[in-house]
Amino acid sequence: MTAIAHSAVSVHRARTLQDALDQLSQAPLQLLAGGTDIMVEANHGGLRGRHFLDISGLGSELGGHSWLPDGALRIGALCTYAQLQADARAQAELPMLMAASRLVGATQIQSRGTYAGNVENGSPAADAAPALLALDAVVELRSLAGTRTVPLAHYYTGYRSTARRSDELISALIVPKPDGGVSCQFFRKVGTRAFQAITKVGLSARIVWQGGQITDARIVATSMAATICRAHHIENALRGLSDIDAAAKSALRRAQDADLRPMDDVRSSADYRAEVFHRLVLQAASETRPS
Ligand SMILES: Cc1cc2nc3c(=O)[nH]c(=O)nc-3n(C[C@H](O)[C@H](O)[C@H](O)COP(=O)(O)OP(=O)(O)OC[C@H]3O[C@@H](n4cnc5c(N)ncnc54)[C@H](O)[C@@H]3O)c2cc1C
């Protein structure tokens, strides 16, 4: 272990995964991967931790991604947006996750930032985490006690807080082969500009149409609550629909009001968020419908 200390901040470097797990078992250290969220916090005086464990050198154990025999994708903790975007199969099978990845910052951030960091950072305005949630991703956690998995749907326990224990790190994210193929995947981020924007309102959706009606739906809202979240009432209102007529639109809007109470904040008003999110749901239903 190497430690670099600056005033009240210390950074420990892990040499191996075992070394990282040993250190995490001994003291509460904040993990440092790409550092693209942590450095912003440091610049704004908002560091959540003071003692860091740098795992960025563990690429041989925590990096990369692989396709599992059942068609699931395993994204290693240090896999960056740029690395996954270079995979033709990910482009073909997971367009929602690729669309989200292309919109995270710019090339520099995509080359450095990791999916695991985006998930653990827990921002309600994150881009990759909601796409992963709509894909039913599972978080794999490692500690000296072993490996456990937590569905991303149960991972957030509140604003920027997660189910991870302080002796654990995210070792990977597992994305099951999505039901319904690629045509049912939809991702939209609404910000002040097309690129390099923080999400004001976002929707990641998977809407499966079969025999002219919606048979399944995953609706994930971004920047509409304290965490990214599934909108279960909207999902239920979508199931069984064959036409998005006026009655269906009203039912979807009522369902949205039951699911989500967006906030007024510096980026947007609650009314704007609610109206735009409703339109995104209608757009998702229409764009995923087979022609
Ligand atoms: C200019 C700029 C633009 C950005 N634009 C966007 C954007 O458009 N959309 C977006 O979603 N994000 C954006 N971000 C935020 C950031 O790039 C992403 O959230 C990124 O994925 C974070 O990954 P990282 O590896 O850099 O995380 P880090 O900064 O290293 O860590 C982030 C958090 O995750 C924890 N962590 C990291 N790895 C692990 C692990 N393996 N196990 C447990 N905890 C871990 C850290 O302790 C920390 O709390 C932007 C950042 C910058 C600086």
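These exercises work through the fold and the ligand site of a predicted model.

Residues are numbered from 1 along each chain as its sequence is written. Local features need pLDDT of at least 70, side-chain atom pairs count only at pLDDT 80 or more, totals for chains, interfaces and linings use all residues, and side-chain values use heavy atoms, with hydrogens and water left out.

**Exercise 1. Describe the overall build of the chain.**

Step 1. Take the secondary structure. The chain has 12 helices and 15 strands. Helices (H or I, at least four residues) and strands (E, at least two) are DSSP runs, numbered from the N terminus.

Step 2. Box the chain. Along the principal axes, its C-alpha atoms fill roughly 65 × 45 × 35 Å.

Step 3. Domain 1 (2-54), domain 2 (59-175) and domain 3 (185-288) make up the division; the bounds come from an automatic or database domain assignment. The centres of domain 1 and domain 3, over C-alpha atoms, are separated by 36 Å.

**Exercise 2. Characterise the ligand site.**

Step 1. List the neighbours. The ligand has 31 residues around it, and L31, T36, D37, Y81 and T114 come nearest. A residue is near if one of its heavy atoms lies within 4 Å.

Step 2. Sort them by class. The shell holds 15 nonpolar, 10 polar and 6 charged residues. Here Ala, Val, Leu, Ile, Met, Phe, Trp, Tyr, Cys and Pro are nonpolar, Asp, Glu, Lys and Arg charged, and the others, Gly among them, polar.

Step 3. Assign domains. Domain 1 (2-54) and domain 2 (59-175) each supply at least three shell residues.

Step 4. Find polar contacts (a pair of N or O atoms within 3.5 Å). A side-chain N or O atom of Y81 is 2.5 Å from a ligand oxygen. A ligand nitrogen is 2.9 Å from a polar backbone atom of I170.

Step 5. Name the top contributor. α8 gives the most to the shell, with 4 residues.

Methods: A polar contact is a pair of N or O atoms within 3.5 Å; within protein, one must be able to donate a hydrogen and the other to accept it, and residues adjacent in sequence count only if both atoms are side-chain atoms.
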